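The sequence and structure are shown here.

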Amino acid sequence: MRHGKKFNHLGRTTSHRKSMLANMASSLIEHKRITTTLAKAKALRMYVEPLLTKAKNDTTHSRRTVFAYLQNKEVLTTLFREVAEKIAGRPGGYTRIVKLGNRLGDNAEMAIIELVDFNLTYNTEAKVEKKSTRRRGSGSKAKTAETPVAEAKVEAPVTEEAPAAEENTDTKEEKSAE
């Protein structure tokens, strides 16, 4: 029976699961983004986030603890030098899972798991959003300021199409006069 066993076993033995997650964590740290099934991505998130938290504190003990999980010296160096610098100010949530479509062969749900601070596309947008305030007055003013702009964009093409329609009617009148 599986009473009280909350993590996903992924249909593997304990040793196979541990080595698979260690290899996936090494690939994630090395490449900053990997594509896998959704179930494996969720299991990897639970596996790698505590390791990333330990990497923020660069001591001999934390290095040895992380090495016991990863068993890869090159990845350990990358983790403590490059990754730890970028995630130093973040209190948690170091990974992002983005769902993809289903795999053609077996219809498994696929996902991309990536390190949040290494994706420049999302980082620039997040910094812009932090500058806005949460006051009611400024938020409502911003919405009203955006509304006339949208209306002006809609009105401009309508006015351009109207003279074209008039020209067509003028040509029809000239043809009927002849």
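## The loop between S2 and S3

Asn107 lies in the loop between S2 and S3; helices (H or I, at least four residues) and strands (E, at least two) are DSSP runs, numbered from the N terminus. The two strands form a hairpin with six residues between them. Asn107 has a positive phi of about 65 degrees although it is not a glycine. Most residues other than glycine have a negative phi. With a relative accessible area of 52%, Asn107 is exposed; exposed means over 50% relative accessible area, buried under 20%, and partly exposed in between (1.4 Å probe, protein chains only).

## Basis of the model

This is a predicted model, in which local features need pLDDT of at least 70 and side-chain atom pairs count only at pLDDT 80 or more, while totals for chains, interfaces and linings use all residues. Residues are numbered from 1 along each chain as its sequence is written, and side-chain values use heavy atoms, with hydrogens and water left out.

## Overall architecture

The protein chain has six helices and three strands. Along the sequence, these follow the pattern α-β-α-α-α-β-β-α-α. Of the 178 residues in the protein chain, 27% are buried. Among contacts with a separation of 6 or more, 56% are between residues 24 or more positions apart; contact means heavy atoms within 4.5 Å.

## The sheet

The three strands form an open sheet in the order S1-S3-S2, with antiparallel pairing; two strands pair if DSSP finds at least two bridges between them. Strand S1 (33-37) and strand S2 (95-102) stand at the edges with a single partner strand each, so one side of each is left without a neighbour in the sheet. From one strand to the next, the twist averages 25 degrees. Helix H1 (residues 14-31) packs on the sheet and touches S1, S2 and S3. The direction of H1 makes about 145 degrees with that of S1; axes are lines fitted to C-alpha atoms, for helices over the stretch in contact, and angles run from 0 to 180 degrees between N-to-C directions.

S2 and strand S3 (residues 109-115) are joined in the antiparallel sense over six bridges. Strands of a sheet pair through backbone hydrogen bonds, either parallel or antiparallel.

S3 is mostly covered, with six of its seven residues buried. Ile113 has its place in this strand and counts as buried because its relative accessibility is 0%. Leaving aside neighbours within four places in sequence, the contacts of Ile113 include Leu28, Ile34, Thr36, Ala41, Leu44, Thr95 and Ile97. The C-alpha atoms of Ile113 and Lys42 are separated by 8.6 Å, although the two residues are 71 residues apart along the chain.

Lys32 is also in contact with Ile113. Lys32 is found in the loop between H1 and S1 and has a positive phi of about 70 degrees although it is not a glycine. Lys32 counts as buried, because its relative accessibility is 15%.

## The largest pocket

The largest pocket has a volume of about 310 Å³. On a 1 Å grid over the protein atoms alone, a pocket is an open set of points where a 1.4 Å probe fits, with protein on both sides within 12 Å along at least five of seven lines. Grid points are joined across faces, edges and corners, and a volume is the space filled by probe spheres set on the points.

The residues lining the largest pocket (those with an atom within 4 Å of a point) include Phe7, Arg17, Lys18, Leu21, Lys42, Met46, Tyr47 and Tyr69. The elements that give two or more residues to this lining are H1 and helix H2 (38-55), and H2 gives the most, with five residues. By class, the lining has seven nonpolar, two polar and three charged residues. Ala, Val, Leu, Ile, Met, Phe, Trp, Tyr, Cys and Pro count as nonpolar, Asp, Glu, Lys and Arg as charged, and the others, Gly among them, as polar.
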